Amino acid sequence: MYADHLHSLDLAYSLSSGKQPFFQRASTPWHPILTAQSLDSEQYHPLAQWDYRLRSVFLDFQQLATTINRYMQSHVRYNAKCFQHVLSALQSRLMYLNGTLEDPTQELIRLCLLAFLATTFKTPGRAIPYGWIANQIAKTYMEIDTSLISLDYALRLWVLVIAAISVTGVEELWLQTAWKEYLMDLGWDEVKRHLMSVMWVECIHDSPGAAVHNKLAKFAVQTQS
């Protein structure tokens with residue numbers, strides 16, 4: 001458990017500075033970590049042309065989020081020790097992929113999965129400003145924004161909300177512009193339905209997600225008038 005805590009601090013350091021983590025593993029297996037369960041028929045499926053390693057990590061994240069949601073809905077306590085161990089393994093895989101993904105869309109997904117990880121823990125002391133990864137997400141998003149084929153609607157929405165609740169807040173102009181252009185007419189229930197189809201842990205993400213939606217929706221209305 002202590003090693004998993006160090007991995008969380010290591011991730012926070014890396015996402016704020018852009019520097020390599022201290023405890024990155026030299027190599028990692030790419031077989032699924034979690035036992036596959038039946039996913040909702042509306043669940044987003046990563047494209048077959050994705051790098052198989054990123055696809056494997058993405059599917060594991062989906063399985064973990066789905067499992068935690070099912071435990072919470074059944075009022076069964078999830079094993080937090082197991083939860084942290086799996087997150088540490090997924091973190092190592094994502095860091096190992098740094099610099100290996102040529103497709104900017106896949107790199108954006110990798111960055112947002114790291115941001116997703118940052119929502120699952122709190123570091124002691126003052127909040128860490130995740131300036132480096134916030135800049136990387138903005139840069140990569142704008143690189144692919146001219147091609148709507150590269151991001152489907154639910155995945156685009158997930159990218160924007162995860163970025164906002166984890167590393168950027170709602171003040172970034174690129175995020176406000178993207179929300180106004182593509183998503184301003186959606187209510188929170190519809191937004192959450194799309195987020196759940198990608199990956200979303202209700203007990204962690206619902207409150208900050210609803211707050212971000214409310215702020216961005218108000219901004220969109222104000223700038224329209």
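Mentor: A salt bridge is a side-chain nitrogen of Lys or Arg within 4 Å of a carboxyl oxygen of Asp or Glu. Keep in mind that this is a predicted model.

Trainee: How many salt bridges does the structure hold?

Mentor: Side chains of opposite charge can pair when their charged atoms come close. With the 4 Å cut-off applied, the count for the structure is 6.

Trainee: Which side chain meets Arg53 in a salt bridge?

Mentor: Arg53 is buried, at 15% relative accessible area. The N to O distance is 3.0 Å. The partner is Asp51.

Trainee: How many residues apart in sequence are the parts that Arg93 and Asp60 tie together?

Mentor: The side chains of Arg93 and Asp60 form a salt bridge, 3.6 Å from N to O. Arg93 sits in helix H3 (residues 80-96) and Asp60 in helix H2, so the pair ties together parts of the chain separated by 33 residues.

Trainee: Are Arg93 and Asp60 buried or exposed?

Mentor: Buried means under 20% relative accessible area. Arg93 has 2% relative accessibility. Asp60 has a relative accessible area of 2%. Because both values fall under the 20% cut-off, Arg93 and Asp60 count as buried.

Trainee: Which helices do Asp206 and Lys192 lie in?

Mentor: The side chains of Asp206 and Lys192 meet in a salt bridge at 2.9 Å, N to O. The pair ties together parts 14 residues apart in sequence, because Asp206 lies in helix H9 (residues 202-224) and Lys192 in helix H8 (residues 188-198).

Trainee: Which residue is linked with Lys192 and Asp206 in a network of salt bridges?

Mentor: Lys192 counts as buried, at 18% relative accessibility. It meets Asp206 in a salt bridge. The network also takes in Glu202.

Trainee: Which backbone oxygen lies 3.2 Å from a polar atom of the side chain of Gln43?

Mentor: Gln43 is in the loop between helix H1 (2-17) and helix H2 (52-73). Gln43 is buried, at 8% relative accessible area. Its contacts, leaving aside neighbours within four places in sequence, include Gln62, Thr66 and Met196. The backbone oxygen of Ser197 lies 3.5 Å from a polar atom of the Gln43 side chain; the oxygen at 3.2 Å belongs to Val198.

Trainee: Which residue caps the N-terminal end of H6?

Mentor: Just after H6, Gly169 takes a positive phi of about 75 degrees. At the N-terminal end, a side-chain oxygen of the cap lies 3.1 Å from the backbone nitrogen of Ala154. The capping residue is Asp152.

Note on methods
Residues are numbered from 1 along each chain as its sequence is written. This is a predicted model: local features need pLDDT of at least 70, side-chain atom pairs count only at pLDDT 80 or more; totals for chains, interfaces and linings use all residues. Side-chain values use heavy atoms; hydrogens and water are left out. A polar contact is a pair of N or O atoms within 3.5 Å; within protein, one must be able to donate a hydrogen and the other to accept it, and residues adjacent in sequence count only if both atoms are side-chain atoms. Helices (H or I, at least four residues) and strands (E, at least two) are DSSP runs, numbered from the N terminus. Buried means under 20% relative accessible area, exposed over 50%, partly exposed in between (1.4 Å probe, protein chains only). Contact means heavy atoms within 4.5 Å.
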